[in-house]
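Q: Could you walk me through this model feature by feature, with the general idea each time and then the case at hand?

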Amino acid sequence: MVKVAPSILSADFCNLERDIRRVSSADWLHVDVMDGMFVPNITIGVPVVRSIRKCTGMFLDVHLMIDKPARYIDDFCEAGADLISVHLEADHPTRIADALRAMEANGVKKAVALRPITSAKAVLPYIERLDMVLVMTVEPGFGGQKFMESQLDAIREVRAIINKYHPGCELEVDGGVVPGTSERVVEAGATVLVAGTAVYGAADPAAAIEALRQSQ
Ligand code: DX5
Ligand code: ZN
């Protein structure tokens with residue numbers, strides 16, 4: 001069964017604790033960090049992650065959509081992240097490697113993320129030391145966008161690379177994952193589904209989580 005990671009980008013930030021409790025049956029909690037540079041939106045930062053850590057024991061899956069993420073790895077680890085994703089487009093390869101080393105030193109799980117334009121092959125230099133690859137199925141920046149069908153091929157390519165070089169690595173898919181697309185995403189090889197609108201837009205978030213978990 002796949003893991004489901006509700007994205008709090010679709011939560012009510014005035015009632016964040018309540019909205020985190022609403023999704024407590026999920027496997028992970030997905031936290032979207034945006035800096036207004038790597039993506040055109042600004043969301044949450046280190047102090048908010050620290051506060052979230054205090055109010056839940058859920059596994060915190062922190063998706064950094066920020067330029068030069070190596071600068072902030074220690075801070076997000078100290079704030080309580082369990083896993084951090086850095087975008088391969090956000091810095092030079094040597095600095096991406098530095099970011100992964102910092103996660104390792106902090107005992108936090110390591111992931112790289114791919115924008116839709118980035119080739120699956122870009123994960124090859126890192127794959128053996130990763131805990132997860134995140135494939136975006138929308139342009140990062142906003143919740144509620146339409147799933148990019150063309151990214152199913154990218155998911156399949158990353159799945160083939162994982163199977164060949166590091167079968168234990170998770171494959172997370174983020175963007176437009178709803179009933180109707182989730183089945184194809186799982187069929188293409190995903191093991192973790194991020195869902196903002198599909199969970200927080202549902203009348204019964206727990207039922208929506210369970211429905212996504214049954215996707216096949
Ligand atoms: C978009 C974020 C996503 C977003 C997904 O840049 O990375 O995590 O919250 O939202 P939905 O599920 O509504 O596409
Ligand atoms: Zn995300």
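Q: Where is Ala 202 found?
A: Helices (H or I, at least four residues) and strands (E, at least two) are DSSP runs, numbered from the N terminus. Here Ala 202 is found in the loop between α7 (197-200) and α8 (205-213). As for numbering and conventions, residues count from 1 along each chain as its sequence is written, chains are lettered from A and ligands numbered from 1 in the order in which they are written. This is a predicted model, in which local features need pLDDT of at least 70, side-chain atom pairs count only at pLDDT 80 or more, and totals for chains, interfaces and linings use all residues, while side-chain values use heavy atoms, with hydrogens and water left out.

Q: Is Ala 202 buried, exposed or partly exposed, and why?
A: Buried means under 20% relative accessible area, exposed over 50%, and partly exposed in between (1.4 Å probe, protein chains only). Ala 202 has a relative accessible area of 27%, so Ala 202 is partly exposed.

Q: What can I say about Lys 68 and its phi angle?
A: Phi of Lys 68 is near 50°, a positive value in a residue other than glycine. Lys 68 lies in the loop between β3 (59-65) and α3 (73-79). Its relative accessible area is 43%, so Lys 68 is partly exposed.

Q: How many helices and strands does the protein chain have?
A: There are eight helices and eight strands in the protein chain. One of the strands is β1 (residues 3-6), where Pro 6 is found. Pro 6 is buried because its relative accessible area is 0%. Between Pro 6 and Val 194, 188 residues apart along the chain, the C-alpha separation is 5.6 Å. Helix α2 (residues 46-55) is the place of Val 49, and Val 49 counts as buried because its relative accessibility is 1%. Val 49 and Gly 201 are 152 residues apart in sequence and 23 Å apart in space, C-alpha to C-alpha.

Q: Why does the radius of gyration of the protein chain agree with a compact globule?
A: The radius of gyration is taken over C-alpha atoms, and the globule rule is 2.2 Å times the number of residues to the power 0.38. For 216 residues a compact globule would have a value near 17 Å; the protein chain has 16 Å, so the two agree. Along its principal axes, the C-alpha trace spans about 45 × 35 × 30 Å. Of the 216 residues, 56% count as buried.

Q: Which residues coordinate the zinc ion (ligand 2)?
A: Donors are N, O and S atoms within 2.8 Å of the metal (3.2 Å for Na, K and Ca); water is not among the atoms, so sites may look incomplete. The zinc ion (ligand 2) is coordinated at 2.1 to 2.3 Å by His 30 (NE2), Asp 32 (OD), His 63 (ND1) and Asp 174 (OD). Along the chain, these donors follow the spacing H-x1-D-x30-H-x110-D. The pair of His 30 in strand β2 (residues 28-34) and Asp 174 in strand β7 (residues 170-174) links distant parts of the chain, 144 residues apart. His 30 counts as buried because its relative accessibility is 0%; Asp 174 counts as buried because its relative accessibility is 8%.

Q: What is the geometry at the site of the zinc ion (ligand 2)?
A: Ideal angles at a metal are 109.5 degrees for four tetrahedral donors, and 90 or 180 degrees for six octahedral ones. Six donors count as octahedral if opposite donors are over 155 degrees apart and all others between 65 and 115. The site of the zinc ion (ligand 2) is octahedral, with angles of 70 to 171° among its six donor atoms.

Q: Which residues come nearest to ligand 1?
A: A residue is near a molecule if one of its heavy atoms lies within 4 Å of it. Of the 20 residues around ligand 1, Asp 32, Gly 141, Asp 174, Gly 196 and Thr 197 come nearest. For polar contacts, look for a pair of N or O atoms within 3.5 Å. An oxygen atom of ligand 1 is 2.7 Å from an N or O atom in the side chain of Asp 174, and a polar side-chain atom of Thr 197 lies 2.4 Å from an oxygen atom of ligand 1. Accessible areas come from the Shrake-Rupley method with a 1.4 Å probe. Ligand 1 taken alone exposes 380 Å², and the protein buries 99% of that.

Conventions. Four donors count as tetrahedral if all angles lie between 85 and 135 degrees; four count as square planar and six as octahedral if opposite donors are over 155 degrees apart and all others between 65 and 115; anything else is irregular. A polar contact is a pair of N or O atoms within 3.5 Å; within protein, one must be able to donate a hydrogen and the other to accept it, and residues adjacent in sequence count only if both atoms are side-chain atoms.
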